[in-house]
Amino acid sequence: MAAPKNLQQLRIPVIGSPLFIISNPDLVIAQCKAGIVGSFPALNARPGPVLEEWLIRITTELDAYNAANPTKPAAPFAVNQIVHKSNDRLEHDVEMCVKYKVPIVITSLGARVEVNEAIHSYGGIVLHDIINNFFAKKAIEKGADGLIAVASGAGGHAGTLSPFALVQEIREWFDGPIALSGAIATGGAVLAAQAMGADFGYIGSAFIATEEAAADERYKQCIVDHNADDIVYTNLFTGVHGNYLKPSIDAAGMDSNNLPESDPSTMSFGSGGDEKSKAWKDIWGCGQGIGAVKEIVPAAELIERLAEEYADAKARLLV
């Protein structure tokens with residue numbers, strides 16, 4: 001199955017993943033203008049009415065850019081919706097997506113038929129992130145158009161499966177769009193994802209170390225200075241397993257090598273103010289691909305590097 005029309009005209013097959021607290025209109029607009037899908041979590045716009053302000057700005061600026069560049073339009077943008085029951089803003093945020101006809105909605109932590117139907121009502125598409133084949137099938141059964149396969153090594157909430165196994169199992173029954181997440185930080189890794197059967201690379205951690213990202217400068221530099229050995233996988237901070245930078249955990253007064261387990265029933269992703277949301281400001285999510293990040297640069301410069309590496313990787317295969 002061909003990718004939906006609004007995913008066919010990317011400069012390179014990359015979706016910038018929604019980064020909790022960090023993704024903002026500056027980063028999203030820069031990503032889209034540079035030719036990849038830019039995205040942000042709806043919950044980053046706080047309080048709730050700020051989401052409409054962000055959507056107005058993003059749609060207005062991208063429409064103006066497209067009018068001025070008809071032969072080289074911006075890539076579409078995406079909004080991430082946490083559909084877990086703890087998100088008390090979901091109904092409002094979905095209404096905003098419908099009002100502004102957000103091209104792509106990324107759903108996480110559950111699959112909801114009514115959310116998918118709302119996005120489909122105006123022609124939008126839904127990509128649902130999953131960590132195994134079981135949840136992939138559930139997402140498609142409930143109306144998702146495509147999948148984000150979150151494999152081992154991904155930043156934030158990550159699965160444990162090898163990307164080879166995860167994509168292969170999904171491709172046995174699903175021919176729709178798949179984005180692969182998990183330690184992808186180079187153009188060569190994007191091409192490798194396609195060789196495995198995915199359509200897109202899903203890149204997050206590398207964009208934390210960009211000038212537009214709303215991350216603490218210490219966080220950005222920590223990504224530049226560290227590598228895969230400095231990542232720990234734990235469910236302590238949200239109740240869901242994820243990958244985090246060890247230095248940030250140690251700086252918070254904990255031993256990153258001896259962390260306790262959390263009770264999954266305490267998982268929370270509400271509209272703000274709870275301790276688990278605050279934890280993300282000091283405990284820094286990060287994937288295993290950060291060894292490829294050597295400096296803090298504008299998002300457009302990072303995307304230029306990815307594009308050059310992607311072209312070089314393709315050329316090597318043709319030799």
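Which residues in H7 meet which residues in H12? Select Gly-187, Gly-188, Val-190, Leu-191 and Gln-194 in H7, and then Leu-306, Glu-309, Tyr-310, Ala-313, Lys-314 and Leu-317 in H12, contact meaning heavy atoms within 4.5 Å.

This is a predicted model, in which local features need pLDDT of at least 70 and side-chain atom pairs count only at pLDDT 80 or more, while totals for chains, interfaces and linings use all residues. Residues are numbered from 1 along each chain as its sequence is written, and side-chain values use heavy atoms, with hydrogens and water left out.

Now show H7 (residues 187–196) and H12 (residues 299–318) whole: their axes, lines fitted to C-alpha atoms over the stretch in contact, come within 6 Å and cross at roughly 55°.

Next, select H1 (residues 25–33) and H2 (residues 50–68), whose axes come within 10 Å and cross at roughly 25°. H1 and H2 are therefore roughly parallel to each other, a term for angles under 35 degrees. Pro-25, Asp-26, Val-28, Ile-29, Cys-32 and Lys-33 of H1 make the contact with Trp-54, Arg-57, Ile-58, Glu-61, Leu-62 and Tyr-65 of H2.

From there, move to Phe-77, which touches residues including Val-28, Cys-32, Ile-58 and Leu-62. Phe-77 is also among the residues with the most contacts inside the largest nonpolar core, which has 81 residues; such a core is a set of buried (under 20% relative accessible area, 1.4 Å probe, protein chains only) Ala, Val, Leu, Ile, Met, Phe, Trp, Tyr and Cys residues joined through side-chain atoms within 4.5 Å. Finally, select Ile-15, Ala-78, Val-150 and Ala-154, which are included in a second, separate core of 17 residues.

Definitions and conventions: Axes are lines fitted to C-alpha atoms, for helices over the stretch in contact, and angles run from 0 to 180 degrees between N-to-C directions. Helices (H or I, at least four residues) and strands (E, at least two) are DSSP runs, numbered from the N terminus. Angles under 35 degrees count as roughly parallel, over 145 as roughly antiparallel, 65 to 115 as roughly perpendicular and the rest as oblique. Buried means under 20% relative accessible area, exposed over 50%, partly exposed in between (1.4 Å probe, protein chains only). Lists of a residue's contacts leave out its neighbours within four places in sequence.
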